Amino acid sequence: MQATATVLVYSDDSNTREQVRLATGRRPAPDVPVVEFVECATPAAVLKELDRGGIDVCVLDGEAVPMGGMGLCRQIKDEVFQSPPVLLLIARPQDAWLATWSRAEAAVTLPVEPVEFASALAALLREKRLQGV
């Protein structure tokens, strides 16, 4: 198992980014690597980090301003070669269909519920490990 996994967290709200960090802890599950975070507050910063490489999973805030995580996810899936899996933070469970439109691999509702979030993040990290990417 790799020593660490790099998780990019995009939100214009520092409180949302903190919720993600706290819900994850050092690692979201015992069978996945320790997590290191890359935090981004703008879409341009997200694209720059993805171009740099090394991101294992993206967590995108669907309610971010000026560009929501759903639109950014769709752009990433269209423009970034071998884009990492995306966990989308959505406002309401009814928004799950929009997460599907954006091509996110998973979605959880805001505010971040630690057990649900950690479970979804761990599942994406396991899947990435199984794919060997």
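**Notebook: salt bridges and overall fold**

I began with the charged side chains and found Arg17, Arg21 and Glu39 linked in a network of salt bridges. The model is predicted, and I kept that in mind throughout.

I noted both ends as partly exposed: Arg21 has a relative accessible area of 30%, and Glu39 has 38%.

Next I checked Glu105 and Lys77, which form a salt bridge with the closest N and O atoms 2.8 Å apart. Glu105 is in the loop between helix H4 (96-102) and strand S5 (106-109), while Lys77 is in helix H3 (residues 69-79), so the pair joins parts 28 residues apart in sequence. Glu105 is partly exposed at 43% relative accessibility, whereas Lys77 is buried at 16%.

I then went to Asp95, which bridges to Arg92 with the closest N and O atoms 2.8 Å apart. Asp95 is buried at 6%; Arg92 is partly exposed at 46%.

I recorded a count of 7 salt bridges. The protein carries 13 positive and 18 negative side chains, and the centres of the two sets are 5 Å apart.

Last, I looked at the fold. I counted 5 helices and 5 strands, in the order β-α-β-α-β-α-β-α-β-α along the sequence. The radius of gyration is 13 Å, close to the 14 Å the globule rule gives for 133 residues, so the protein is as compact as a globular protein of that length. I have 47% of the 133 residues down as buried.

Definitions and conventions: Residues numbered from 1 in each chain as written. Predicted model: local features only at pLDDT ≥ 70, side-chain atom pairs only at ≥ 80, totals over all residues. Heavy atoms only, no water. Helix = DSSP H or I, 4+ residues; strand = E, 2+ residues; numbered from the N terminus. Rg over C-alpha atoms; globule rule 2.2 N^0.38 Å. Buried < 20%, exposed > 50% of the residue type's maximum accessible area, 1.4 Å probe, protein only. Lys, Arg positive; Asp, Glu negative; His and termini not counted. Charge placed at Lys NZ, Arg CZ, Asp CG, Glu CD. Salt bridge = Lys/Arg side-chain N within 4 Å of Asp/Glu carboxyl O.
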